[in-house]
Structures are given as structure tokens and as C-alpha cells.
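Q: I'm new to this one and would like to go through it slowly. Could you take my questions as they come?

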Amino acid sequence: MNGERILFYLKRTDGEFWRIFRFSFLEGAAFSKEDADNGRFVAVINEATRKRFFGDRSALGQTIEIEGQRFRVSGVVANVPIL
């Protein structure tokens with residue numbers, strides 16, 4: 001970001017993850033089965049990541065780049081413990 005590398009925790013998930021675990025969505029929703037089936041690069045981020053990348057603006061539909069790949073933000077969840 002602005003030429004500076006940001007370190008954060010990344011977890012790859014699938015549609016089942018979002019059906020099993022319950023998260024409080026502040027914006028949007030988990031990515032859909034269709035997103036996963038079609039190989040779309042989408043991401044759900046937490047509140048702290050939204051603040052870091054987008055400030056007070058909405059993150060929905062925005063893109064973030066992770067290890068050279070661009071992901072469209074489909075949802076924002078409240079901050080949760082890493083475990």
C-alpha cells in the first residue's frame with residue numbers, strides 16, 4: 001500500500017466455511033458458491049483490514065492485491081480472534 005508492504009493473516013476458505021461458522025457481517029456477505037465454482041477472486045476482510053485499506057469508506061466491490069493477485073471484496077466481518 002503506497003509502496004509499503006503490509007503483513008496480515010490470510011485464510012483460504014470455501015462456501016462450506018461460511019455455512020459452518022457464523023460471522024457478523026458489517027458489509028456485504030460471504031462469497032457465493034457461484035463465485036467459487038467460477039474461480040472468481042473474491043475476499044471477505046475484517047474491520048481492521050477495511051480501515052487499513054479504505055479508511056472510513058465502504059470496501060464492497062473494491063479490490064485489494066494480495067501476493068500479486070487482485071481480489072474483489074464481497075464482505076466485511078467484525079474483527080474476530082485469529083483462532
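Q: Which element gives the most to the lining of the largest pocket?
A: Strand S2 gives the most, with 5 residues in that lining. Before going further, please keep in mind that this is a predicted model, in which local features need pLDDT of at least 70 and side-chain atom pairs count only at pLDDT 80 or more, while totals for chains, interfaces and linings use all residues. Residues are numbered from 1 along each chain as its sequence is written, and side-chain values use heavy atoms, with hydrogens and water left out.

Q: What counts as a pocket, and what is the volume of the largest pocket?
A: On a 1 Å grid over the protein atoms alone, a pocket is an open set of points where a 1.4 Å probe fits, with protein on both sides within 12 Å along at least five of seven lines, and lining residues have an atom within 4 Å of a point. The largest pocket has a volume of about 1000 Å³, a volume being the space filled by probe spheres set on the points.

Q: Which residues are the closest to its centre?
A: Of the 30 residues lining the largest pocket, Leu 10, Lys 11, Thr 13, Trp 18 and Val 44 are the closest to the centre. The elements that give two or more residues to this lining are helix H1 (15–20), helix H2 (33–37), strand S2 (42–46), strand S3 (63–66) and strand S4 (69–77); helices (H or I, at least four residues) and strands (E, at least two) are DSSP runs, numbered from the N terminus.

Q: And how does that lining divide by class?
A: The lining of the largest pocket has 22 nonpolar, 4 polar and 4 charged residues, where Ala, Val, Leu, Ile, Met, Phe, Trp, Tyr, Cys and Pro count as nonpolar, Asp, Glu, Lys and Arg as charged, and the others, Gly among them, as polar.

Q: What about the second largest pocket?
A: The second largest pocket holds about 370 Å³ of space, and of its 12 lining residues, Ile 6, Phe 8, Glu 65, Ile 66 and Glu 67 lie nearest its centre. By class, that lining has 7 nonpolar, 1 polar and 4 charged residues.

Q: Changing topic, how many salt bridges are there?
A: The structure holds 6 salt bridges, each being a side-chain nitrogen of Lys or Arg within 4 Å of a carboxyl oxygen of Asp or Glu. One of them joins Arg 50 and Glu 27, whose closest N and O atoms are 2.5 Å apart. Arg 50 lies in helix H3 (residues 47–54) and Glu 27 in strand S1 (residues 25–28), so this pair ties together parts that are 23 residues apart in sequence.

Q: Is Arg 50 buried or exposed?
A: Arg 50 is buried, with a relative accessible area of 17%, and Glu 27 is buried too, at 12%. Buried means under 20% relative accessible area, exposed over 50%, and partly exposed in between (1.4 Å probe, protein chains only).

Q: Which residues are linked in a network of salt bridges?
A: Glu 34, Asp 35, Arg 40 and Arg 72 are linked in such a network. Within it, Asp 35 meets Arg 40 at 2.9 Å, N to O, and Arg 72 at 3.8 Å. Asp 35 lies in helix H2 and Arg 72 in strand S4, so the latter pair ties together parts that are 37 residues apart in sequence.
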